[in-house]
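Morning, everyone. I have one structure to go through today, and I'll keep it short.

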Amino acid sequence: MVDAFRTHIMQTKELGTCPVKQIGGCSFFYMRISNVYIVIVVSSNANVACAFKFVVEAVALFKSYFGGAFDEDAIRNNFVLIYELLDEIMDFGYPQNLSPEILKLYITQEGVRSPFSSKPSDRPIPNATLQVTGAVGWRREGLVYKKNEVFLDIVESVNLLMSSKGVVLRCDVTGKVLMKCFLSGMPDLKLGLNDKIGLEKESQLKSRPTKSGKTIELDDVTFHQCVNLTRFNSEKTVSFVPPDGEFELMKYRITEGVNLPFKVLPTIKELGRTRMEVNVKVKSVFGAKMFALGVVVKIPVPKHTAKTSFTVTSGRAKYNASIDCLVWKIRKFPGQTEPTLSAEIELISTMTEKKSSTRPPIQMEFQVPMFTASGLRVRFLKVWEKSGYNTVEWVRYITKAGSYEVRC
């Protein structure tokens, strides 16, 4: 079957099309990394996502042994070491520990490194027994910082499709909670959000009614492996022992109750066959004390545009012929304001009759600090460590444009 797969790849050269191929009674999951194909062969209905995740982690492990290189030469030079590693990272088809720091404690053989590879780092050796058998394999013991700090960012992307009359046709928010931890020892963190389920569960445990305030319903929540899922299922609080440095704590999606940061109201008039009038009003819906940064509004115009002239009440605008758009840029956009763009467009006269076709939508790019379209808020961030040190917590909110489009 392996020969059949190799022949298939050599004959068809289906590079980058489908990473899963069925030949006979076997399924082949394959990836190409530099000049090497990595293939997993299964004869049952296996978990494809788990298989590819295993391949990615295994390649990262091999690179850490080979000094950053993973190609045909590295495999030939380290054949025995690869066999030894494969024996440790998979048992009976089940992935095991793939952490390079832990495996290097008991597979001490160094790989044959290429002359261009980076030098091995002299990092402190973690407690292998604790990390292999315990639940904190992502954090080593003995970390010490002079100043204990936690940085938490809630970054959201708004995806919107709105009609020309301001009716929302499709809207959702995808968000992620990013953390950067510089904490000594083995701290236990607890994060409280204003999500509906978490607040209801807290009121049940404390036998008191929930406080008034906006609550939101999180959909499709996924957590980093450090989060205690048993505690989350029982208490609906996010408790975890964080990795050292920067990591993504959780991802979520929200489809209801979205606070749109902007409303776009376009008016387009066709004055005969060779002239158009475009008026676009952009209203910022967030608070007057807040502001958006790097706002870009792209207004599509016909391909046969000859000349444009426009006036704006804020920012700058220009015609970009390469993308057939009027590009309106506002560096700093205050809340509760309504800047407008008025443009006159002259078109090249064509002999063919104009076909009625739908125009591409107006697109927006922006970034609004200290604003969340979902309404998600951090209620508390508690840090507990047995030594009882004081910590400094920093929380920041950012909302960006994902696919923010308005039909015109």
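I'll talk about charge pairs, then a surface patch. Keep in mind that this is a predicted model.

A search of the whole structure gives 14 salt bridges. Let me start with Glu149. Glu149 sits in strand 6, which spans residues 149–162. Is Glu149 buried or exposed? Its relative accessible area is 14%, so Glu149 counts as buried. Its side chain pairs with Lys147 in a salt bridge, at 3.6 Å from N to O. The side chain of Glu149 also makes a polar contact with the side chain of Trp394, at 3.4 Å. Beyond four places in sequence, the contacts of Glu149 include Lys180, Phe182 and Val392.

Next, Arg396 and Asp153. Their side chains form a salt bridge at 2.6 Å, N to O. Arg396 is in strand 21 and Asp153 in strand 6, so this pair ties together parts 243 residues apart in sequence. Arg396 is partly exposed at 42%. Asp153 is buried at 16%.

Now Lys180. Lys180 forms a salt bridge with Glu246, with the closest N and O atoms 4.0 Å apart. Lys180 lies in strand 7 and Glu246 in strand 11, 66 residues apart. Lys180 is partly exposed, at 32% relative accessibility. Glu246 is exposed, at 59%. There is also a network: salt bridges with shared partners join Asp188, Arg231 and Glu235.

Last, the surface patch. Val2, Val39 and Val41 make a nonpolar patch of about 220 Å². Val39 belongs to strand 3, residues 36–42. Its relative accessible area is 31%, which means partly exposed.

Definitions and conventions. Residues are numbered from 1 along each chain as its sequence is written. This is a predicted model: local features need pLDDT of at least 70, side-chain atom pairs count only at pLDDT 80 or more; totals for chains, interfaces and linings use all residues. Side-chain values use heavy atoms; hydrogens and water are left out. Helices (H or I, at least four residues) and strands (E, at least two) are DSSP runs, numbered from the N terminus. Buried means under 20% relative accessible area, exposed over 50%, partly exposed in between (1.4 Å probe, protein chains only). A polar contact is a pair of N or O atoms within 3.5 Å; within protein, one must be able to donate a hydrogen and the other to accept it, and residues adjacent in sequence count only if both atoms are side-chain atoms. Contact means heavy atoms within 4.5 Å. Patches are made of residues with over 30% relative accessible area and no salt bridge: like charges are joined within 9 Å, nonpolar side chains (Val, Leu, Ile, Met, Phe, Trp, Tyr) within 5 Å. Accessible areas come from the Shrake-Rupley method with a 1.4 Å probe; for residues, only the protein chains shown count as cover.
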